[in-house]
Amino acid sequence: MVQFLIILALSIALIAVLRGWRRDRRLLSESRKGPQGRDAERTAALEKANEDLKASQADLQRRWQYLAEAQQLSHSGTFGWKVKSGELVWSDETYRILGLARETNPTLDLVFDRVHPQDLVRVRELSDHAAQNGMDLDIEHRILLPDGAIKYVHAVAHAGRDSSGNLEYMGVVTDITERKRAEEELQAVSRDLQESKARLEEAQGVAHVGYWDWDLETGKIIWSDETYRIFGFKPQERPMDIETVSGLIHPDDREALYRTVDEEVAVGVHPVHQHRIVRPSGEVRTVQSVTSKLWKTTHVGAEDGISREHNRLFGTVQDVTELKQAEEASHALSRDLQESKDWLEEAQRVAHLGYWVWDLETNQVIWSDETYRIFGLVPKAGSFDVSVVGEMMHPDDREAVFLTAKKAIDTETRADCEHRLFRPDGEMRVVHSLGDLRKNSQGRIQMFGTTQDITDRKRGEEALRRSQFYLSEGERLAHIGSWAYDLVTHKVLHSSDENARLYGFDPGQGPIPAERFFATQHVEDAPWVNATLERAVREGTDFYLDEYRIHHTDGSIRFLRAIGHRNASGEPGEYVGVTMDITEQKHAEQERERLRQLEADLTQELLRERAYLAEAQSLAHIGSWASNLATMHNFHLSDETYRIHGFDPRQGPIPLERFWATLHPEDQVEVRTAIENAVRAGTDYDVGDFRICRADDGQIRFLRTIGHRNPSEPGEYLGITMDITERKHAEQEREKLRQLEADLAHINRVNMMGELAAALAHEIKQPIAAAVANAGACLGFLDGERPDILEAREAATGTIGCARRAGEIIDHVRSLFKKSFPQREPVDINELIREIALLLQNDITRNSVTVHLDLSENLPEVEGDRVQLEQVLMNLMLNAIEAMHDANGDLTITSKPTDDGHSLISVSDTGVGIPADKVDQIFDTFFTTKPQGTGMGLAISRSIVESHGGRLWAASNSGRGSTFRFTLPHKV
C-alpha cells in the first residue's frame with residue numbers, strides 16, 4: 001500500500017506538470033497565429049512563456065525518470081483507464097509485468113487475455129462493477145504468460161473525473177509473485193513445524209521424556225504435555241510456577257537439587273541430575289533432569305514499551321522410575337556392591353535419545369538432530385534413503401535388524417532391537433531402537449521410532465559382571481559366603497559359590513537344597529541355632545549366630561559365624577546374609593592365649609633379639625636409621641650406622657649434617673642431588689656405590705643407602721646404610737676369576753687342536769694337492785712350442801683359488817683357538833652346525849659314524865660369540881663321536897624354535913651312554929669319564945651357554961646312548 005501511495009503521488013505531480021506544459025504550448029501556438037506587428041510587451045510575455053515551457057519540459061523529464069526508477073525497483077507499474085473510451089495508458093514497468101512489448105497498443109481485451117482462466121470471471125465482474133458505479137479498485141489475481149509462467153499481481157486504482165466529467169481510473173499494478181511464494185513457503189514450513197512438533201510429542205511419549213521452559217524473571221514455567229503426565233497431571237491442567245514445581249520435588253532431594261543446579265548454572269555447565277518427585281496422588285517417581293546453560297531473551301514491556309532481558313533455563317525431564325526399580329532389584333542380594341551400583345547409575349544418567357520417521361512407501365527416512373549425532377553425523381534437513389542407515393550398521397547385525405522391522409510391519413507390533421553401528425570415524429556404538437507403525441497427516445503409512453545410544457550402559461553392565469566376579473573372588477579369599485533364604489518356606493533363594501564351599505559342597509552341581517545345609521549342623525549346636533532362627537522370624541528381627549559348628553564333607557569340624565538381615569521389602573521369612581568360616585580365627589584365638597602366657601618370655605626375647613640385631617648389623621655392616629630429610633632431624637640411628645661413618649655411638653646424637661660431611665668430595669653432589677630429588681618427588685630412593693671418608697681415620701669406604709618414604713609425614717624416611725666395600729673387592733676378585741676362566745677355556749680349545757690335527761691336515765691337503773696339479777698343468781701349457789696362455793691363466797687362477805681356500809681353513813681354525821674377548825654378533829646356528837660337521841668329517845669317517853642333521857628351516861638367529869658357540873658344538877659332537885668309537889653309531893643333531901623365544905639344539909648319539917650314578921656330576925669341573933680327559937670341556941660348555949642366557953643339560957636315551965641339549969635366546 002505504501003508503494004501505491006508513493007507512485008500515486010509522483011503520478012499526480014507529473015500530471016500537474018504535464019498540464020502546465022500543455023498550457024504553455026497552447027499560449028505559444030496562439031502567439032504564433034497573431035499579427036506580426038504586436039508590441040514589445042506581447043513579445044516579452046511570449047519569450048518568458050517559452051522559457052517556462054523549456055523548464056517545465058526538463059522538470060517533466062526528470063520526474064518521469066524518478067517514476068520509472070521507482071516502478072522498476074518496486075516491481076510496480078502505473079496505468080490510466082478512461083472508462084467511456086476504453087483508452088488505457090501504461091508505464092514501462094506495467095508492460096514488463098504483463099509480458100508485453102512497449103509498442104503494443106494496450107486494451108482491456110489484451111488485459112483479460114493475460115488474466116489466469118480461474119481468475120478471469122472475478123476480474124471481469126469487478127471491472128464491470130467499477131465502470132458502472134465508479135468505486136475504487138483493489139484486487140489480487142494471477143496472470144498467465146505465453147511461456148506458461150504464472151505471476152501474482154496486486155492492482156489498486158482510484159476513480160476520478162476528467163475535465164469533461166467522464167469517469168477515469170488512475171492506479172498501480174504490483175508484481176507480488178515473490179511475496180506469494182514466500183507466503184506459500186512459510187505455510188509449508190509451518191506445516192513441517194507442526195509435524196515435527198507431533199513427532200516430538202510422540203517421541204516424548206515413547207521415551208517418557210518431557211521438556212520445560214522457566215523464565216527466571218517472571219517465575220513462569222511452561223511444561224510439555226509429557227512433563228505434565230510425568231508429574232501426575234493431565235496435559236495443561238493448570239499453570240505452573242517455581243513454587244508449585246518445588247513442592248512436587250521429594251523433600252529429601254529438594255535442597256541438594258536446587259543448590260547443585262544453581263552452582264552448575266553459575267559456572268556455565270549443563271546440570272544433569274536424578275531425583276524423586278511426589279505426584280498429587282502420593283506416588284513417588286524417579287526422574288532424570290537435564291538443564292541447559294543460562295540464556296537470555298528480550299521482552300518489550302506491555303505498559304512502558306521498554307525492552308528488557310529475561311534470564312531463562314530450558315531442560316528435559318525423563319521418568320526413569322522403572323529403570324531405577326530394575327537396578328534396585330538386581331542389587332537386592334548384595335548391598336556390598338555399592339560401588340558397582342554407582343557405576344551403573346552413572347552409565348544410565350545420560351539418555352542420548354533421538355527419533356526417526358521411516359516412510360514405508362518411499363523408503364525415505366527423516367532423523368532428528370540427536371539421531372544424527374548418535375550416528376556420528378552432522379545434523380541436516382531433509383530425508384534420505386533407508387539403505388544409507390543399513391550401510392552404517394554392523395555387518396553382523398544388519399540382516400537381523402531389517403528382519404525385526406519386517407516382522408513388526410507384517411504383524412503391526414512394536415519393533416524392538418539392539419544392534420551395533422559404525423560411525424564415520426570408525427568408532428563402534430551400541431544402540432537400542434523402538435519403532436511403531438502409524439499414519440501421517442496425508443494418510444501415508446510410516447514407522448515412527450526412537451534410537452538410544454546404550455554403549456555406556458553396555459559398558460556398565462560389563463563392569464557389573466566384573467564386579468560380581470571380584471566379589472566372588474573376594475568371598476573365596478576371605479572364606480565368606482553370601483546367601484538369601486526364606487526361613488518360613490525353607491527355600492534357598494541364593495547361595496554364592498563360596499557359601500557352598502564353606503560346607504564342603506561343589507557349587508558346580510547346581511542348587512543345593514536347604515536340608516543339606518542344615519544336615520551339616522553339629523548335634524550339640526543345632527538346638528540353639530534353630531531356636532535363634534525361629535525367634536528372629538517370629539519377632540521379625542535380624543539374627544546373629546556368633547559361633548556354631550558343622551561337619552564338613554571332608555570329615556573335619558569347622559567353626560562358622562552367620563549374620564542374617566531381614567528383607568523388609570520381601571516375604572516375612574526372607575533373609576539375606578553372610579556366613580564366615582572362623583575356624584582359623586578360633587585357632588588363632590587359642591594361639592593368642594598361648595602367646596599371652598609367653599608374653600613375659602617374649603619381652604625378654606625381644607630384648608635379646610634387639611641385641612642380636614645390633615650384633616648382626618655389626619657383622620653385616622648394615623646400619624638402620626629414621627630421619628626427616630626435609631628438616632634434617634634424626635629420629636633413630638643404630639650403633640652400626642655411627643660406626644660405618646666413623647663415629648663413636650657413645651658420643652650421643654650427631655646432627656645429620658655431620659653424616660653428609662663424610663661424603664667423598666667427588667660423590668657428594670651426585671648423592672645429595674639424588675636424595676633431594678626423591679624428597680621433592682615424595683618417592684623412595686636407592687643410592688648405591690658411593691664413597692665416604694670415615695670421620696675417625698679418613699679411610700675411604702663404599703656405601704649403599706636405601707630410603708623408604710613415610711607417606712604420612714612429608715620428608716620422613718626410614719632406611720638402611722650398607723658398607724659394601726668388601727663386596728666391591730669381591731667383585732674385583734670375581735672379574736679376575738672370569739679372566740682365568742676365559743684363559744682356561746682357551747687352554748681347552750688348544751688341547752682340542754691335537755684331536756683336530758688329522759682333520760686339519762685332511763682339509764688342507766685337498767686344496768694343496770689341487771694347487772699342485774693346477775701349477776703343473778700351468779707349466780705344461782707354457783712349455784710347448786706354442787704356449788697356451790689362456791689355459792695357463794685358467795690353471796694359475798685355479799692355483800690361487802686353492803691356495804686361498806687353504807688359507808681360509810687355517811684362519812678358521814686359528815680363530816677357534818685364538819685367545820680373545822667374546823664378541824657378540826648375530827649367529828646362524830644351522831650354518832654353524834653344518835660348518836662343525838664338515839670340520840669333523842675326518843673323525844666321523846674314522847669312527848664309522850653316520851651323521852643325521854634335522855635342522856628347522858627359518859630358524860631365527862641368536863646373539864652370541866661365534867667362536868664360543870663353535871667350541872660348545874665341537875665339544876659335544878667330539879664327545880658323541882668318541883662315545884661311538886668303531887660302533888657304527890648314529891649321530892643326530894637337531895635344531896628347532898621353542899614357544900618362549902629360544903632355539904633348542906640337541907646332540908644325540910647311540911654310544912655307551914652316561915652312567916646313572918654320574919649324570920649329576922658330568923658338568924662338574926675336572927670330572928671326566930675318559931682316560932685322557934681333562935674334565936673341563938662340559939664345565940666350560942655349560943658356562944658359555946649360561947653366559948649367553950641359555951641352559952645346557954644331558955639325559956640318557958631310552959635305548960642306547962645319550963642326548964645333550966642346550967637353549968639359546970633369539971636375537972632381539
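**View A. Helix 18 is followed by G540, whose phi is positive, near 65°.**
This is a predicted model, where local features need pLDDT of at least 70 and side-chain atom pairs count only at pLDDT 80 or more, while totals for chains, interfaces and linings use all residues. Residues are numbered from 1 along each chain as its sequence is written, and side-chain values use heavy atoms, with hydrogens and water left out. Helix 18 covers residues 526-539, 14 residues in all, and reaches 20 Å from its first C-alpha to its last. That is close to the 20 Å expected at 1.5 Å a residue (the expected span is 1.5 Å times one less than the number of residues). Helices (H or I, at least four residues) and strands (E, at least two) are DSSP runs, numbered from the N terminus.

Look for A526, V529, T532, L533 and A536, the buried residues of helix 18. Buried means under 20% relative accessible area, exposed over 50%, and partly exposed in between, with a 1.4 Å probe and protein chains only. Seen down the axis of helix 18, these buried residues fall within an arc of 135°, so they line one face of the helix (the arc is that of the directions from the helix axis to the C-beta atoms). Turned away from that buried side of helix 18 are the exposed residues P527, E534, R538 and E539. The cover over the buried residues of helix 18 includes helix 17 (514-519), strand 21 (543-551) and strand 23 (574-581). Cover goes by contact, which means heavy atoms within 4.5 Å.

**View C. Helix 23 lines up its buried residues on one face.**
Helix 23 runs over residues 665-681, has 17 residues, and reaches 25 Å from first C-alpha to last, close to the 24 Å expected at 1.5 Å a residue. Its buried residues are D667, V671, I675 and A678. Down the axis of helix 23 these fall within an arc of 55°, so they line one face. Over on the other side of helix 23, P665, V669, R680 and A681 are exposed. Among the pieces covering the buried residues of helix 23 are helix 22 (656-660), strand 26 (685-693) and strand 28 (716-723).

You'll find G682 in the loop between helix 23 and strand 26. With a relative accessible area of 24%, G682 is partly exposed. Leaving aside neighbours within four places in sequence, G682 is in contact with R709 and Y717. E716 is 34 residues away from G682 along the chain, and their C-alpha atoms are separated by 9.5 Å.

**View E. R279 is a buried arginine in a loop.**
The loop holding R279 runs between strand 9 (272-278) and strand 10 (284-291). R279 counts as buried because its relative accessibility is 17%. Apart from neighbours within four places in sequence, R279 touches R229, I230, F231, G232, R285 and D319.

**View F. The largest cavity has a volume of about 440 Å³.**
A search of the whole structure turns up 4 cavities of 30 Å³ or more. A cavity is a set of points, on a 1 Å grid over the protein atoms alone, where a 1.4 Å probe fits but cannot get out, and lining residues have an atom within 4 Å of a point. Points are joined across faces, edges and corners, and the volume is the space filled by probe spheres set on them. Of the 22 residues lining the largest cavity, F79, V111, V123, H141 and A155 are the closest to its centre. Elements that each supply at least two lining residues include strand 1 (76-82), helix 5 (117-133) and strand 4 (150-161). By class, the lining has 19 nonpolar, 3 polar and no charged residues. Ala, Val, Leu, Ile, Met, Phe, Trp, Tyr, Cys and Pro count as nonpolar, Asp, Glu, Lys and Arg as charged, and the others, Gly among them, as polar.

**View G. H490 and S848 have positive phi values without being glycines.**
Most residues other than glycine have a negative phi. H490 has a phi near 55° and lies in the loop between strand 19 (480-486) and strand 20 (491-495). Its relative accessible area is 47%, so H490 is partly exposed. S848 has a phi of about 55°, and its place is in the loop between helix 27 (841-846) and strand 30 (850-855). S848 is partly exposed too, at 33% relative accessibility.

**View H. The chain as a whole has 29 helices and 35 strands.**
Of the 972 residues in the chain, 39% are buried. Among contacts between residues at least 6 apart in sequence, 53% join residues at least 24 apart.

How values were computed. On a 1 Å grid over the protein atoms alone, a cavity is a set of points where a 1.4 Å probe fits but cannot get out, and a pocket is an open set with protein on both sides within 12 Å along at least five of seven lines; lining residues have an atom within 4 Å of a point.
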